[in-house]
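Subject: Structure handover and findings

Dear colleague,

I am passing on the structure below, together with an account of what was found in it. Please read the text alongside the model and go through the places it names as you come to them.

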Amino acid sequence: MTAVTAAVAAAAVLLTGCGGDADKASVPEGWGTLETGSLSVGYPESEGYAEQPAGERAKANAAVALKEEDGIRTGMVSVQLDFATGVHDAAGAAAAAGAGIGLDSTRKATDDVRLAGPEDAGEAREARRIDYDFTADGQEDTPNRGTPMTGVLVAGVDSKGVPFVVRLNAVKDAVDAEDLDAFVGSITVK
């Protein structure tokens with residue numbers, strides 16, 4: 001590659017980041033996308049996850065994708081909007097969402113993340129990621145009580161001030177660290 005070709009290639013890369021689809025997160029090949037008024041998020045459709053119709057999901061969920069095996073829910077991606085009051089930033093959203101993880105859970109990490117979205121979304125692109133492990137309770141078509149599970153949640157506030165939490169919960173080792181990172185990286189705030 002000549003110096004001129006390299007300079008043209010570098011300029012092309014810089015220009016691609018200046019608008020259009022650059023504001024939208026990358027969703028891995030084979031994944032579907034859940035769309036809400038506040039955000040979009042990818043889910044591993046090629047791994048057996050399917051979007052749940054609005055009439056079947058819990059009232060608190062704005063969007064859901066489930067993985068079911070033999071009638072048991074072994075994985076779930078969910079989006080909850082406006083789930084807490086008095087929340088105005090990512091730290092408050094994460095505190096409220098983290099309180100809902102449960103007593104049988106172990107937090108592994110909490111990190112600040114920057115989500116995809118339009119530059120004018122400002123602080124709405126700032127979020128917190130919490131990784132955790134827990135055990136299934138065996139209720140409502142979940143795996144047998146005591147089954148090891150893993151989860152990641154991303155919480156923040158969208159550009160209109162609406163708090164959100166996005167979760168992926170699955171049987172432990174059914175999703176690897178790379179898939180959890182891809183899940184977080186697939187979120188676009190509106």
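Two strands are said to pair if DSSP finds at least two bridges between them. Please keep in mind throughout that this is a predicted model.

With that criterion in hand, strand β2 (residues 39-43) and β10 are paired in the antiparallel sense, with two bridges between them, and within this pairing Ser40 stands opposite Thr188 in β10. These two strands belong to an open sheet of three strands, whose order is β1-β2-β10 and whose pairing is antiparallel. The edges of that sheet are formed by β1 (32-35) and β10 (188-189), each of which pairs on one side only.

Strand β4 (residues 63-69) has pairing partners of its own. Strand β3 (residues 49-51) is joined to β4 by three bridges, and the two run antiparallel; here Ala50 has Leu66 of β4 as its bridge partner. With strand β5 (residues 72-81), β4 pairs over seven bridges, again in the antiparallel sense, and Ala63 finds its bridge partner in Val79 of β5. Because five of its seven residues are buried, β4 is largely enclosed by the rest of the structure.

β4 and β5 form a hairpin with two residues between them. Asp70, which lies in the loop between β4 and β5, has a positive phi of about 55° although it is not a glycine. At a relative accessibility of 84%, Asp70 counts as exposed, because the cut-off for that class is over 50%. Asp82 likewise has a positive phi, near 50°, in a residue other than glycine; Asp82 is found in the loop between β5 and α2 and is exposed, with a relative accessible area of 55%.

Turning to charged side chains, the structure holds 10 salt bridges, of which I describe some here. Glu35 forms a salt bridge with Lys24, and the closest N and O atoms of the two are 3.8 Å apart. This pair links distant parts of the chain, since Glu35 is in strand β1 and Lys24 in the loop between α1 (3-16) and β1, 11 residues apart. Glu35 is partly exposed, with a relative accessible area of 45%, and Lys24 is partly exposed as well, with 44%.

A salt bridge also joins the side chains of Asp133 and Lys108, at 3.7 Å from N to O. Here too distant parts of the chain are linked, with Asp133 in strand β7 (residues 126-135) and Lys108 in strand β6, 25 residues apart. Asp133 is buried, with a relative accessible area of 18%, whereas Lys108 counts as partly exposed at 49% relative accessibility.

In the salt bridge between Glu119 and Arg125, the closest N and O atoms are 2.8 Å apart. Glu119 counts as exposed at 57% relative accessibility, while Arg125 is buried, with a relative accessible area of 10%. Both residues take part in a network of salt bridges that links Arg114, Glu119, Arg125 and Glu126.

Which residues gather in a patch of negative charge on the surface? They are Glu56, Glu68, Asp104, Asp137, Glu140 and Asp141. Among them, Asp104 has its place in the loop between α2 (90-99) and β6 (105-114), and Asp104 is exposed, with a relative accessible area of 55%.

Ala91 and Asp112 are 21 residues apart in sequence, and their C-alpha atoms are 9.0 Å apart in space. Ala91 itself counts as partly exposed, at 32% relative accessibility.

With best regards

Conventions. Residues numbered from 1 in each chain as written. Predicted model: local features only at pLDDT ≥ 70, side-chain atom pairs only at ≥ 80, totals over all residues. Heavy atoms only, no water. Patch = residues over 30% accessible without salt bridge, like charges linked within 9 Å, V, L, I, M, F, W, Y side chains within 5 Å. Areas by Shrake-Rupley, 256 points an atom, 1.4 Å probe, with all protein chains shown as cover. Salt bridge = Lys/Arg side-chain N within 4 Å of Asp/Glu carboxyl O. Lys, Arg positive; Asp, Glu negative; His and termini not counted. Charge placed at Lys NZ, Arg CZ, Asp CG, Glu CD. Helix = DSSP H or I, 4+ residues; strand = E, 2+ residues; numbered from the N terminus. Buried < 20%, exposed > 50% of the residue type's maximum accessible area, 1.4 Å probe, protein only.
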